[in-house]
Amino acid sequence: MSEQGDRELLLVGVGFMGRPYVAAARRLGLRVRAIEAHDWAGAIEDLVDAVEPSQGRYGSLDELWAETVHAAVEASRPTGIFGFTESHVLGAAMAQDRFGLPGPSLQAAVISRNKALQRGRFRAHGIGQPEYLLTNDLSESADWAGARLPVVVKPLSSAGSEGVELVADAAAFESAALRRASERPLLVESALEGPEYSWEALVRDGEIWFANVTAKTTTGAPNFVELEHRAAAPLAAPDAERVAELGRSVLSAIGMRTGIVHLEFRMTSSGPAVMEVAVRTPGDYIMELCSLTYGIDWHEMVVRLAVGAELPPPPEGPVRHAASLFVVSDPGEVVALDGLDAVRNHPAVVDAAFKVAVGDTVGRTSSSLQRTAYAVLAADSPEDLEEAIEFTRRTLSIKTVPVAAEE
């Protein structure tokens with residue numbers, strides 16, 4: 001066993017996308033104790049040293065995860081704790097705060113879990129963002145929204161575009177108010193114009209160790225489901241500095257200490273404006289894209305931050321070009337899947353898979369959970385990357401047929 005063999009990482013949530021954290025911790029000689037949902041616990045028990053089953057489910061109540069985190073930390077004091085995704089962040093931060101372990105800070109975790117808290121904090125710090133209104137009754141905000149159409153309606157705590165909706169006109173707002181009458185509270189925001197990006201930063205003691213900008217392509221209105229991500233997005237020097245300043249301002253505003261930050265923004269005509277911030281793993285294989293692009297394992301850097309280990313020198317810049325893409329299919333029953341073997345054999349494709357099977361029913365896509373295939377790609381030049389993206393989109397085929405309405 002290595003000299004770090006008696007040190008332990010408590011990983012809150014693993015699932016599938018969190019497994020690279022386990023591998024990174026193993027390389028660093030750390031024991032791994034995982035907190036996992038009951039339904040997933042059996043699938044990871046051979047990967048880790050111990051599993052603590054939780055009543056929590058992915059996307060479910062933060063409180064259930066926090067309950068299990070607290071019990072696990074009381075029983076076995078870890079060297080570090082990391083909360084994998086949205087519903088894990090708060091429980092992990094509470095334990096980090098109580099036991100003096102590295103983490104984003106309890107304040108940053110709370111703010112990251114509530115988009116209305118973000119809006120209030122960013123307003124106080126003069127950070128660019130949309131105009132907004134917090135409401136317990138969407139219909140009562142009709143006059144405010146009517147003066148600012150189009151507007152975006154969103155829940156306070158969600159991920160993957162779930163519940164995010166662009167409302168274009170007064171009739172559509174009235175329809176949304178009726179359809180979402182039971183949802184409360186909600187944010188109503190003026191719609192931002194401009195290309196969409198994210199900013200990923202690895203942070204220690206409030207200082208940025210390294211950061212990346214990811215360019216995004218989405219389905220557009222009304223739900224803006226993400227279709228493509230390209231790491232190390234090229235920005236003009238003035239824009240790059242504005243984004244860097246935005247990132248620094250957001251870190252200061254939320255009280256970020258140590259860990260990973262995922263900040264989504266639009267580049268508007270007046271500069272970058274914040275959509276939302278999270279202190280957890282970005283989705284859609286962005287961690288893999290950053291690792292491929294910069295030649296370092298971002299999962300390992302996060303583990304090092306969580307346990308207070310030394311960091312290597314930061315990368316000097318990109319060494320490759322990487323992207324992830326996702327497929328949105330027509331609603332209906334899946335009757336055929338083709339092209340996956342050809343895509344996987346392409347030299348620029350790192351990983352690819354269908355997320356549906358023949359016989360599945362595909363609904364209208366309104367969140368990232370409903371996408372039907374993905375691919376992760378890396379190439380030595382931007383031109384080779386774009387060629388591979390086009391080849392993958394051309395080749396991956398998911399055929400659906402309409403489902404007959406029930407009488």
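Author: Helices here are DSSP runs of H or I with at least four residues, strands are runs of E with at least two, and both are numbered from the N terminus. By that rule, aspartate 384 belongs to helix α13 (residues 382-395). The model is predicted, and local features need pLDDT of at least 70 while side-chain atom pairs count only at pLDDT 80 or more, although totals for chains, interfaces and linings use all residues. Residues are numbered from 1 along each chain as its sequence is written, and side-chain values use heavy atoms, with hydrogens and water left out.

Reader: Why is aspartate 384 called partly exposed?

Author: Buried means under 20% relative accessible area, exposed means over 50%, and partly exposed covers what is in between, with a 1.4 Å probe and protein chains only. Aspartate 384 has 44% relative accessibility and therefore counts as partly exposed.

Reader: What makes Glu383, Asp384, Glu387 and Glu390 a negative surface patch?

Author: A patch is made of residues with over 30% relative accessible area and no salt bridge, where like charges are joined within 9 Å and nonpolar side chains (Val, Leu, Ile, Met, Phe, Trp, Tyr) within 5 Å. The areas come from the Shrake-Rupley method with a 1.4 Å probe, and for residues only the protein chains shown count as cover. Asp and Glu count as negative and Lys and Arg as positive, whereas His and the chain ends are not counted; the place of a charge is taken as NZ of Lys, CZ of Arg, CG of Asp or CD of Glu. Glu383, Asp384, Glu387 and Glu390 form such a patch, and the 44% of aspartate 384 is over the area limit.

Reader: Why is the contact of arginine 113 with aspartate 62 called a salt bridge?

Author: A salt bridge is a side-chain nitrogen of Lys or Arg within 4 Å of a carboxyl oxygen of Asp or Glu. Between the side chains of arginine 113 and aspartate 62 the N to O distance is 2.8 Å, so the pair qualifies. The two residues are 51 apart and link distant parts of the chain, with arginine 113 in the loop between α5 (106-112) and α6 (115-124) and aspartate 62 in helix α3 (residues 62-75). Arginine 113, at 13% relative accessibility, counts as buried, and aspartate 62 counts as buried at 12%.

Reader: What makes glutamate 245 and arginine 248 a salt bridge, and where do they lie?

Author: Their side chains come to 2.9 Å, N to O, and both residues sit in helix α9 (residues 237-254), three residues apart, about one turn of the helix. Glutamate 245 is partly exposed at 39%, and arginine 248 is partly exposed at 38%. The whole structure holds 30 salt bridges, and one network of them links Glu8, Arg31, Arg33 and Glu52.

Reader: How many aromatic pairs are there, and is the pair of tyrosine 21 and phenylalanine 82 stacked or tilted?

Author: The search of the whole structure finds nine aromatic pairs. Tyrosine 21 and phenylalanine 82 are 4.8 Å apart centre to centre, with 50 degrees between the planes, and the pair is tilted. Rings of Phe, Tyr and Trp (its six-membered ring) pair if their centres lie within 6.5 Å, and planes under 30 degrees apart count as stacked, over 60 as edge-to-face and the rest as tilted. Tyrosine 21 lies in helix α1 (residues 19-27) and phenylalanine 82 in strand β4 (residues 80-83), so the pair ties together parts that are 61 residues apart in sequence. Tyrosine 21 is buried at 0%, and phenylalanine 82 is buried at 9%.

Reader: Why is the pair of tyrosine 285 and tyrosine 374 called stacked?

Author: The angle between their planes is 20 degrees and the centres are 4.7 Å apart, so both values meet the limits for a stacked pair. Tyrosine 285 is in the loop between β13 (271-278) and α10 (286-294) and tyrosine 374 in strand β18 (residues 373-379), so this pair ties together parts 89 residues apart in sequence. Tyrosine 285 counts as buried at 10%, as does tyrosine 374 at 8%.
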